[in-house]
Amino acid sequence: MCVNVPAAFLSRPCVLNRTRLLEVVPFVLGHFAGGADARRLNELLDASRASAGMPQTIMRVGADRQYTVIHVEKPLYEKVNRAELLVPLVGMLLALWRADAADADSAPGGRGGSGGGFVDGFMDALADTVDARVQSQLDFLKGFDWEAGLPGADAAHLARELQDFKRLVAEVVELRQASGVMPSPSGAGMPGAVGATAAGGGGGGAAGSTPPSPAIPDEFLDPITTSLMMDPVVLPDSGITVDRSTVERQLTISGTDPFSRTELTLEMLKPDDELRERIRTFMAERGASPRRR
């Protein structure tokens with residue numbers, strides 16, 4: 001999976017959906033890295049370790065609502081390897097980060113200049129997805145003992161990958177600070193602080209500093225997922241614009257307009273080409289500021 005999935009993301013044209021991936025990132029981190037959602041898993045693993053060497057059982061309820069006691073030969077903490085659960089996600093993030101950097105370095109217009117593919121502007125989109133909770137989970141991954149969790153892996157390779165992942169997380173922080181959603185350590189969140197530091201200036205807002213990236217306009221955000229829309233479409237009955245991927249997921253649950261509850265099919269959707277071009281233009285202009293490398 002770690003080898004093949006990033007290649008699928010990076011193929012052109014890519015049929016995978018970036019919005020769905022960016023929804024998966026906080027979900028996986030929340031359940032396996034740290035935080036409230038991971039609390040139950042941690043409790044189960046801790047209880048399993050505490051019972052090491054003792055016969056362990058689980059209770060299973062059948063269709064007849066009768067409980068069956070099942071003796072477990074291998075304890076839960078030996079079955080669940082947190083590193084193996086998290087390494088595919090880390091590998092995908094690293095592959096996309098590197099591809100985004102390569103696109104930015106090779107595109108004539110700089111960042112975001114290669115035409116709106118899956119990778120284009122990936123780090124901007126990731127930074128927009130990250131909040132304080134997800135940021136803490138990314139920091140958790142930086143300090144995770146990967147060598148202990150993956151004893152069969154090459155230690156030198158793991159160390160190199162971890163250093164790259166730390167650079168990835170540092171860029172997420174930089175982009176969040178530049179957009180104003182995260183305070184800058186040196187400028188207390190004041191506009192211009194990040195750019196002034198990069199330019200060698202002393203204070204926030206000094207002449208020659210790089211201004212923060214503009215906030216994403218609300219009209220560019222999906223009203224359901226609040227993610228940046230990549231393929232906006234207009235719902236025929238309610239007239240509301242959402243991302244196509246959101247509608248596709250809605251139709252797997254119910255064949256109705258999520259707002260008016262009237263019948264809806266994919267063929268009834270109307271692409272909002274004008275809005276899509278405005279989003280692409282916005283992202284290209286937003287990516288024109290100097291990058292981290």
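**Helix packing and confidence in the predicted chain**

In helix H6 of this predicted model, the residues Phe-122, Met-123, Asp-124, Ala-125, Leu-126 and Ala-127 are buried, where buried denotes a relative accessible area under 20%, exposed one over 50%, and partly exposed the range in between (1.4 Å probe, protein chains only). Because six of the eight residues of H6 are buried, this helix is largely enclosed by the rest of the structure. Residues are numbered from 1 along each chain as its sequence is written, and side-chain values use heavy atoms, with hydrogens and water left out. As the model is predicted, local features need pLDDT of at least 70 and side-chain atom pairs count only at pLDDT 80 or more, whereas totals for chains, interfaces and linings use all residues.

The protein chain has twelve helices and five strands, assigned as DSSP runs (H or I, at least four residues, for helices; E, at least two, for strands) and numbered from the N terminus. Of its 293 residues, 38% count as buried. The accessible surface comes to about 16000 Å², of which 56% belongs to carbon and sulfur atoms, as computed by the Shrake-Rupley method with a 1.4 Å probe, only the protein chains shown counting as cover for residues. Among contacts (heavy atoms within 4.5 Å) between residues at least 6 apart in sequence, 59% join residues at least 24 apart.

The axes of helix H6 (residues 122–129) and helix H9 (residues 155–178) come within 9 Å and cross at roughly 70°; axes are lines fitted to C-alpha atoms, for helices over the stretch in contact, and angles run from 0 to 180 degrees between N-to-C directions. H6 is therefore roughly perpendicular to H9, on a scale in which angles under 35 degrees count as roughly parallel, over 145 as roughly antiparallel, 65 to 115 as roughly perpendicular and the rest as oblique. Met-123, Asp-124, Leu-126 and Ala-127 of H6 make this contact with Leu-168, Glu-171, Val-172, Leu-175 and Arg-176 of H9. These residues divide into six nonpolar, no polar and three charged, with Ala, Val, Leu, Ile, Met, Phe, Trp, Tyr, Cys and Pro taken as nonpolar, Asp, Glu, Lys and Arg as charged, and the others, Gly among them, as polar.

Helix H2 (residues 18–32) packs with H11 at an angle of about 75°, the axes being 9 Å apart, which makes H2 roughly perpendicular to H11. Here Thr-19, Arg-20 and Glu-23 in H2 meet Ser-245, Thr-246 and Arg-249 in H11, and the contact comprises no nonpolar, three polar and three charged residues. Thr-246, found in helix H11 (residues 244–253), is buried, with a relative accessible area of 5%. Residues up to four places away in sequence not being counted, Thr-246 touches Arg-20, Asp-222, Ile-224 and Thr-225.

Arg-286, which lies in helix H12 (residues 273–286), is likewise buried, with a relative accessible area of 6%; its C-alpha atom is separated by 9.3 Å from that of Gly-121, 165 residues apart along the chain.

The chain averages a pLDDT of 74, and 65% of the residues score at least 70, pLDDT being the predictor's confidence in each residue, from 0 to 100. Among the elements, helix H10 (residues 193–199) has the lowest mean pLDDT (35) and strand E5 (residues 270–271) the highest (94). Over residues 186–210 the pLDDT is below 50, and this stretch has 30 contacts in the model beyond near neighbours in sequence. Where pLDDT is low, the predicted coordinates should not be read in detail.
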